[in-house]
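This report goes through selected features of one protein model. Please read it alongside the sequence and the structure shown here.

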Amino acid sequence: MTDTPATGPAAPGRSTGIARIVSASLIGTTIEWYDFFLYGSAAALVFNTLFFPTADPLAGTLIAFITYAIGFAARPLGGVVFGHFGDKIGRKKLLVISLLMMGGATFAMGLLPTYETLGVGAPILLTVLRLIQGFALGGEWGGAVLIVSEHGGDKQRGFWASWPQAGAPGGNLLATGVLALLAAVQSEEAFISWGWRIPFLLSGILVLLGLWIRVSVSESPVFLAAQAKAQADAAHGIKEEAPVIQVFRRSWKEVLTAIGTRFGENISYYVLTAFLLVYVTAHLGLPKSTALNAVLIASAVHFVTIPLWGALSDRIGRRPVTLIGSAGMALWAFAFFALLDSKSFAVITLAVTIGLLLHGAMYGPQAAFISELFDTKVRYSGASMGSQLASIVAGALAPIIAVELLKEYDSATPVAVYLCLAAVVTTITVVLARETRGRDLTLATAADSPDATRRPEPSAAGTDSA
């Protein structure tokens with residue numbers, strides 16, 4: 001990336017090339033999402049018997065998913081804490097801390113004794129580690145997408161910022177792939193006895209790799225410029241409120257927009273991946289390898305296409321691309337379960353793949369869209385709070401609500417209605433939102449200053465070259 005004056009995207013000093021920044025964020029988010037999704041897959045497949053043994057398999061799975069949701073409950077707190085310090089001392093430092101916390105908690109899960117060995121202490125320890133996971137992930141997303149958004153120029157921000165988003169299917173792909181491999185080479189008894197621990201222990205190696213890459217990148221130049229201005233203001237006796245207070249006072253509408261934008265996307269993802277494992281195995285009676293392999297193939301397609309959706313949002317806008325996904329998901333919700341009921345592996349794979357393609361249309365532009373809603377000095381706090389508050393009301397409850405609906409009605413139709421309504425919420429939110437494509441992140445938003453201006457066209461952007 002070329003250098004620009006102190007008010008531009010690459011100042012002050014010379015920043016790390018955008019390709020290297022993207023690689024660091026992508027690898028880091030992939031590892032963190034691997035850790036987080038690994039728990040979801042294990043909750044659907046083995047945790048119900050190892051940590052929450054009950055006479056009713058679906059009841060045990062429901063309890064396992066409740067602890068899965070507890071991880072989401074910690075995410076807004078993580079978003080507030082990491083957001084505050086990320087807006088004060090920088091994005092890079094907090095990204096390193098979040099990676100260490102997430103990886104350490106996941107590695108410890110692989111060492112936990114089960115209910116049979118420790119009794120009630122086992123699920124308690126598992127729940128504590130899940131809380132640590134959620135807290136770390138609450139700070140991860142905002143920092144990862146912001147450090148890319150703030151390094152890249154205005155014209156291709158949707159494309160560059162979508163790569164950290166690809167870390168979600170990348171992590172799911174990795175977690176599901178490891179579980180599918182173990183399921184293929186191990187007996188059911190061996191997997192339940194000790195094989196399930198392997199993916200959790202592998203996290204230790206992955207964290208060392210991610211840490212090595214993350215410490216080598218530079219701090220966001222947009223943040224450094226804003227920090228320098230804040231220090232100059234402080235020297236003249238001008239004091240600012242804490243970032244979280246500024247967000248609630250002047251940017252609460254943007255927080256609500258972020259929540260609504262994520263609502264349908266978040267619910268659809270966990271229904272299409274985590275709940276799918278329960279539906280295919282417990283309701284349809286198919287082997288777990290059928291569900292795992294279907295998610296594996298679909299996640300590979302998802303990973304590749306998310307940046308394409310991000311690039312399209314640079315051409316036609318964040319809102320039109322998001323609407324393709326949300327409106328499409330509202331309709332696909334009903335076809336999805338009808339195809340699953342075929343019990344054909346090929347058809348199930350097709351159903352999940354199309355579902356994740358539509359999810360990608362919502363998810364790809366999301367990083368740039370939410371980043372562009374907030375001013376630099378509160379961007380980490382605002383983006384993290386909006387994103388993680390959505391995770392409580394959407395992603396955390398999605399598998400629980402879906403399992404409970406299936407348990408109550410013994411039919412997927414109520415789940416399809418639930419998925420459809422969630423997509424409608426996002427559709428309405430995005431229709432009412434303003435377009436942000438091409439915004440200069442070095443300029444204040446209208447919420448931050450009444451005299452703020454925005455660049456009307458992407459052609460007025462800063463540099464995008466690596």
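The model is predicted.

Arginine 318 belongs to helix H16, which covers residues 318-340. Its relative accessible area is 0%, so arginine 318 is classed as buried, the limit being under 20%.

One is with aspartate 314, at 2.9 Å, and another is with glutamate 372, at 2.8 Å. Beyond the neighbours within four places in sequence, the contacts of arginine 318 include Arg157, Gly158, Gly310 and Ser313.

## The salt-bridge network

The model has 4 salt bridges. One of them pairs arginine 318 with aspartate 314, with an N to O distance of 2.9 Å. Aspartate 314 is buried, as is arginine 318. Through salt bridges with shared partners, Arg157, Asp314, Arg318 and Glu372 form one network.

Glutamate 372 and arginine 157 are both buried.

Glutamate 265 and arginine 262 form a salt bridge through their side chains, at 3.2 Å from N to O. The two residues are 3 residues apart in helix H14 (residues 252-283), so about one helical turn separates them. An α-helix has 3.6 residues a turn, and therefore residues three or four places apart point the same way.

Is this pair buried or exposed? Glutamate 265 has a relative accessible area of 2% and is buried. Arginine 262 is likewise buried, with a relative accessible area of 2%.

## Valine 430 in helix H21

Valine 430 is part of helix H21, residues 413-432. With a relative accessibility of 1%, valine 430 is buried.

Which residues does valine 430 contact, leaving aside its neighbours within four places in sequence? They are Thr261, Arg319, Thr322 and Leu323. For leucine 323, the C-alpha atom is separated from that of valine 430 by 7.0 Å, although the two residues are 107 residues apart along the chain.

## Helix H5

Helix H5 spans residues 91-109 and contains 19 residues. From first to last C-alpha it reaches 28 Å, close to the 27 Å expected at 1.5 Å a residue.

Several positions along H5 are buried, including Arg91, Leu94, Leu95, Val96, Ser98 and Leu99. Met102, Gly103, Ala105, Thr106 and Met109 are also buried in H5.

## A nonpolar surface patch

Tyr115, Val120, Ile124, Val128 and Ile132 make up a nonpolar patch on the surface. Together they have about 430 Å² of accessible area. Helix H7 (residues 121-151) gives the most to the patch, with 3 residues.

Isoleucine 124, one of the patch residues, is located in helix H7. Its relative accessibility is 47%, so isoleucine 124 counts as partly exposed.

Terms used:
Residues are numbered from 1 along each chain as its sequence is written. This is a predicted model: local features need pLDDT of at least 70, side-chain atom pairs count only at pLDDT 80 or more; totals for chains, interfaces and linings use all residues. Side-chain values use heavy atoms; hydrogens and water are left out. Helices (H or I, at least four residues) and strands (E, at least two) are DSSP runs, numbered from the N terminus. Buried means under 20% relative accessible area, exposed over 50%, partly exposed in between (1.4 Å probe, protein chains only). A polar contact is a pair of N or O atoms within 3.5 Å; within protein, one must be able to donate a hydrogen and the other to accept it, and residues adjacent in sequence count only if both atoms are side-chain atoms. Contact means heavy atoms within 4.5 Å. Patches are made of residues with over 30% relative accessible area and no salt bridge: like charges are joined within 9 Å, nonpolar side chains (Val, Leu, Ile, Met, Phe, Trp, Tyr) within 5 Å. Accessible areas come from the Shrake-Rupley method with a 1.4 Å probe; for residues, only the protein chains shown count as cover. The expected span of a helix is 1.5 Å times one less than its number of residues.
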